[in-house]
Amino acid sequence: PEVIKRVIEEAAVRRRQHAAERELDQSRQLLQLAVEGAQIVIWHWFLAENSVSFAPSLHESLGTQGLSDIASFRDAIALVHHDDRAMVEAEMRRCVAGEIAELETVYRIIAESGECRWVEARGKLFRDAHGAPVRLSGTLIDITKRRRLEEQLMHSKRGETIGRLAGGI
């Protein structure tokens with residue numbers, strides 16, 4: 001009876017484990033679908049090694065197909081527009097130092113075509129058991145279309161304001 005009871009319990013544990021694994025796999029698939037659909041690039045900066053990794057969608061989403069794999073923080077920062085580089089580095093270092101709780105910044109990158117693209121970066125710092133920073137991870141979203149539409153809206157509002165001013169005169 002003890003052996004039968006143990007076998008039944010082990011079978012129940014295996015069924016629950018398989019069900020949990022299926023559920024986890026479905027969650028991963030849904031997350032991947034959401035990330036791809038929203039064209040979100042996930043990135044990680046491993047501080048001890050000063051290495052970075054990006055989701056494979058980086059090159060497709062941001063137009064960097066011809067560039068070699070980005071392996072270090074220095075490689076990643078080289079993609080940033082030279083006018084924005086110091087600001088991006090400073091924000092990331094402030095996050096690592098704990099001066100800001102989360103990274104939130106908007107900057108330009110240079111695509112392989114030479115086109116300037118606007119991206120919004122968000123990130124969070126992860127610490128080890130002793131509280132030392134080990135990884136900064138986050139997302140990049142191409143917001144170029146949104147920025148262009150905002151600029152068009154501002155230009156049209158300026159034109160409307162000038163038209164009103166000219167009509168009043």
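Arginine 147 lies over the face of tryptophan 118, 3.8 Å from the ring centre. The model is predicted. The points below cover its nonpolar core, its aromatic pair and its cysteines.

**Nonpolar core**
- The largest nonpolar core contains 21 residues.
- Trp43, Trp45, Met92, Tyr107, Leu136 and Leu140 have the most contacts inside this core.
- Two or more core residues come from each of strand 1 (40-46), helix 3 (73-78), helix 4 (85-97), strand 3 (102-110), strand 4 (116-127) and strand 5 (133-142).
- Leaving aside residues up to four places away in sequence, leucine 136 touches Trp43, His44, Trp45, Met92, Cys95, Val96, Gly123, Lys124 and Leu125.

**Aromatic pair**
- The count of aromatic pairs is 1.
- This pair joins tryptophan 45 and phenylalanine 73, which are stacked at 4.1 Å centre to centre with 15 degrees between the planes.
- Tryptophan 45 belongs to strand 1 and phenylalanine 73 to helix 3, so the pair ties together parts 28 residues apart in sequence.
- Tryptophan 45 and phenylalanine 73 are both buried.

**Cysteines**
- The whole structure has 0 disulfides.
- Cysteine 95 has a relative accessible area of 1%, so it counts as buried, the cut-off being under 20%.
- Cysteine 116 is partly exposed, because its 29% relative accessibility falls between the 20% and 50% limits.
- Cysteine 95 is also among the residues that leucine 136 touches.

Notes:
Residues numbered from 1 in each chain as written. Predicted model: local features only at pLDDT ≥ 70, side-chain atom pairs only at ≥ 80, totals over all residues. Heavy atoms only, no water. Core = buried A, V, L, I, M, F, W, Y, C linked by side-chain atoms within 4.5 Å. Buried < 20%, exposed > 50% of the residue type's maximum accessible area, 1.4 Å probe, protein only. Helix = DSSP H or I, 4+ residues; strand = E, 2+ residues; numbered from the N terminus. Contact = heavy atoms within 4.5 Å. Phe/Tyr/Trp six-rings, centres within 6.5 Å; stacked < 30°, edge-to-face > 60°. Lys NZ or Arg CZ within 6 Å of the ring centre and 35° of its normal. Disulfide = S-S within 2.5 Å.
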